[in-house]
Amino acid sequence: MSNFMKVEFAAKSENESFARTTVAAFIAQLDPTVEELTEIKTVVSEAVTNAIIHGYEENEKGTVLIECELKDDNISLTIRDFGNGIEDVDEAIQPMYTSKPELERSGMGFTIMENFMDHFEIESIPNHGTTVTLRKKFLNNQSAYN
Amino acid sequence: MALSLTYDFEQKQDVLLVRLTGELDHHEAEQLKNDWQSYLQNGMTKHVVVNLENLYFMDSSGLGVFLGRYKEVKEIGGEMVICSINYDVQRLFELSGLFKIIDAVENEAAALARLGVAL
Ligand SMILES: Nc1ncnc2c1ncn2[C@@H]1O[C@H](COP(=O)(O)OP(=O)(O)OP(=O)(O)O)[C@@H](O)[C@H]1O
Ligand SMILES: [Mg+2]
């Protein structure tokens, strides 16, 4: 089994729920557990929110691109923005590190992504943008007949 | 457009009871924060109980809102207690270490009793 989807949308906060719901609908074909679905929705929400708040600093002219690939029981997700980028990725992924404490961010987004997924990778170029790649193998979706 | 988060506030003596329903993300966080802050400044509130029974989805934006209000409650000398937390939201609280500072109890009655409100 293999499948693929790609969606691009404006960096508006009202699209955060659109993004996570869309990915959840797409991966439903893998028959994920409720917990797996919640994990995927949460990490999509984290990465898209980061693109909007940090990548574009809430400039709604930016766009966010999500690609999702399914292969057998594996999901691969990339969330990309073309915004500010990250100067120091090692610092950014530290739990509790945030560059925007005044916006009530708590620096947990990357920690959540790392915890909820099997694989997590950031590629970022200052002033060009950031791509987050997330992978996970679904465990509980073995249909009895295949 | 349907609201993805709704909430109501109820004053019980010096305790502000906040009930959240729906999904709490960055899009919803700002309005919740502003409304919540106006209740904290009403002069009647010392403690806060947050009922999370019907909060179906939350991400780090929610953690930020709770941590922000926790600090404000501490400043007025009060306590914040959460109740009826579901499994998904509980995982985020655990990951972020929020349980080290905010107590979680079974339900509203237990939370109010903890804060000395006679039922
Ligand atoms: N897409 C991005 N573009 C630019 N900078 C980013 C991006 N994503 C994350 N960052 C940087 O990495 C830091 C850590 O991100 P993380 O999601 O862990 O925390 P946060 O967004 O600050 O807080 P929280 O996610 O808890 O609300 C951010 O504060 C920001 O400086
Ligand atoms: Mg974040």
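This is a predicted model: local features need pLDDT of at least 70, side-chain atom pairs count only at pLDDT 80 or more; totals for chains, interfaces and linings use all residues.
1. Local features here need pLDDT of at least 70 and side-chain atom pairs count only at pLDDT 80 or more, while totals for chains, interfaces and linings use all residues. Residues are numbered from 1 along each chain as its sequence is written, chains are lettered from A and ligands numbered from 1 in the order in which they are written, and side-chain values use heavy atoms, with hydrogens and water left out.

2. Helix α2 of chain A covers residues 34-55, where a helix is a DSSP run (H or I) of at least four residues, numbered from the N terminus. Its 22 residues should span 32 Å at 1.5 Å a residue, which agrees with the 30 Å between its end C-alpha atoms; the expected span is 1.5 Å times one less than the number of residues.

3. Because 17 of the 22 residues of α2(A) are buried, this helix is largely enclosed by the rest of the structure; buried means under 20% relative accessible area (1.4 Å probe, protein chains only).

4. Ligand 1 lies between chains A and B, and 20 residues surround it, A:His54 and A:Met108 being among the closest; a surrounding residue has a heavy atom within 4 Å of the ligand. Helix α2(A) gives the most to this shell, with five residues.

5. Among the polar contacts (N or O atoms within 3.5 Å), a backbone N or O atom of A:Met108 lies 2.7 Å from an oxygen atom of ligand 1, and one of A:Gly109 lies 3.0 Å from an oxygen atom of the ligand.

Conventions:
Helices (H or I, at least four residues) and strands (E, at least two) are DSSP runs, numbered from the N terminus. Buried means under 20% relative accessible area, exposed over 50%, partly exposed in between (1.4 Å probe, protein chains only). A polar contact is a pair of N or O atoms within 3.5 Å; within protein, one must be able to donate a hydrogen and the other to accept it, and residues adjacent in sequence count only if both atoms are side-chain atoms.
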